[in-house]
Amino acid sequence: RVTPRADYHAEYAPAAPPAALPRAPLRLSCVVPAHNEESNLEAFVRALVQAVGRLTPDFEILIVNDGSRDATHEVALRLAAELPLRYLALSRNFGKEAALSAGIAHARGNAVLLIDADFQHPLELLPQMHELWLAGYDMVYGVIADRGAESGTKRVGTGLFYRLINTGKQVKVPPNAGDFRWLDRRVADALKALPERNRFMKGLYAWVGFKSAALPFVPHGRAGGQTSFSMRRLGSLALLGLTSFTTLPLRVWSVVGSLVALLALVYGAWITLETLLYGTDMEGWPTLAAGIMLFSGVQLMSIGILGEYIGRIYDEVKQRPSYLVARDEDHSPWRDT
Ligand code: UDP
Ligand code: MG
């Protein structure tokens, strides 16, 4: 049912099929971010080990516990004791973007797989991702082909978000491409080298470029537990994406400001003329009151948008790390060289 299409996002990642590269034998790091996944983690990691084992005997699993409040920690420790697994516990919940960054930063393979812990990303796709990597693609990303199971609000919101973020930008973020990805070592290194604190990963993957292929998939339902992304959290992720990836919202206000100023000029000229020609009495305080209210609203809104950007700048200049590792239980077969 699912077919790989290298040209799926041709307009976002113009990818002539690359010349097949002589790849070194696969050493795969699988990064699994986990936030309150006690009900999925064990089953998922075992299924992942099975699936990856069919591609290569040489792999490590990296569980990044993103400040879970349930038994994820205990489950992960238990698994670490018996599997080729490295367990990183962040010191609190830093968010999925940070958890993925932590995983990428600690991965040691020559390819890195990013995959959710809740079975939503189909393991059946790994062989195809592997093949595309062998064929020379440096990044293979899953694209949600059918959002049928999601609420209307979420679908409309997502559509609007991608429309906004891709307005007039050189680097386009492919719509519906998520964090289900296979990265070559070079891409992982590039992502690792990006210094920003506001890490909107979907933007960063697009920004680093490299030969990419899209693989449409229909996400499974969540196996157990609950999504960590409420509408509110999705909203703030969207805001992060917009403010860290495009300055369009800032420019909008220059245009709005100019238009309003022009209108005011025309209107002013009209009043003057009216008074001079017809001697009309000065009237219209309701217009004044409404105008003042409207434009103070518009001004506050634009200050708010400025504030969003200043907040991001503030985060960047503080130079705090985007995550802290509280515990690093390393049972990976590999050591840092
Ligand atoms: N996750 C995380 N930190 C968070 C929220 C989520 O590491 O703050 C992980 C979560 O455990 C899962 C993946 O990110 O493996 C996707 O999250 P979720 O399934 O809740 O999101 P959805 O699939 O509903 O978008
Ligand atoms: Mg999920």
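A: Some ground rules to begin with: residues are numbered from 1 along each chain as its sequence is written, while chains are lettered from A and ligands numbered from 1 in the order in which they are written. This is a predicted model, so local features need pLDDT of at least 70, side-chain atom pairs count only at pLDDT 80 or more, and totals for chains, interfaces and linings use all residues. On pLDDT (the predictor's confidence in each residue, from 0 to 100), the protein chain averages 87, with 93% of its residues at 70 or more. The model's ipTM is 0.95 and its pTM 0.82.

Now the helices, which are DSSP runs of H or I with at least four residues, just as strands are E runs of at least two, numbered from the N terminus. Take H9 (residues 248-278) and H10 (residues 285-318): they pack at about 155°, axes 10 Å apart. Axes here are lines fitted to C-alpha atoms over the stretch in contact, and angles run from 0 to 180 degrees between N-to-C directions. H9 and H10 are therefore roughly antiparallel to each other, a label for angles over 145 degrees. Their crossing is left-handed, meaning that the near helix is turned anticlockwise from the far one by less than a right angle. On the H9 side, Pro249, Leu250, Trp253, Val256 and Val260 make the contact, and H10 answers with Phe295, Val298, Ser302, Ile305 and Tyr309. Contact means C-beta atoms, placed from the backbone, within 7 Å. Sorted by class, that's nine nonpolar, one polar and no charged residues. For the classes, Ala, Val, Leu, Ile, Met, Phe, Trp, Tyr, Cys and Pro are nonpolar, Asp, Glu, Lys and Arg charged, and the others, Gly among them, polar.

H10 also meets H8 (residues 231-245), their axes coming within 10 Å and crossing at roughly 80°. H8 and H10 are therefore roughly perpendicular to each other, which covers 65 to 115 degrees.

As for ligand 1, its shell has 16 residues, of which Pro33, His35, Asp66, Thr227 and Ser228 come nearest; being near takes a C-beta atom, placed from the backbone, within 6 Å. Strand E1 (28-34) and helix H3 (96-106) each give that shell at least two residues. Its make-up is five nonpolar, six polar and five charged.

Note on methods:
Angles under 35 degrees count as roughly parallel, over 145 as roughly antiparallel, 65 to 115 as roughly perpendicular and the rest as oblique. Two residues are in contact if their C-beta atoms, placed from the backbone, lie within 7 Å.
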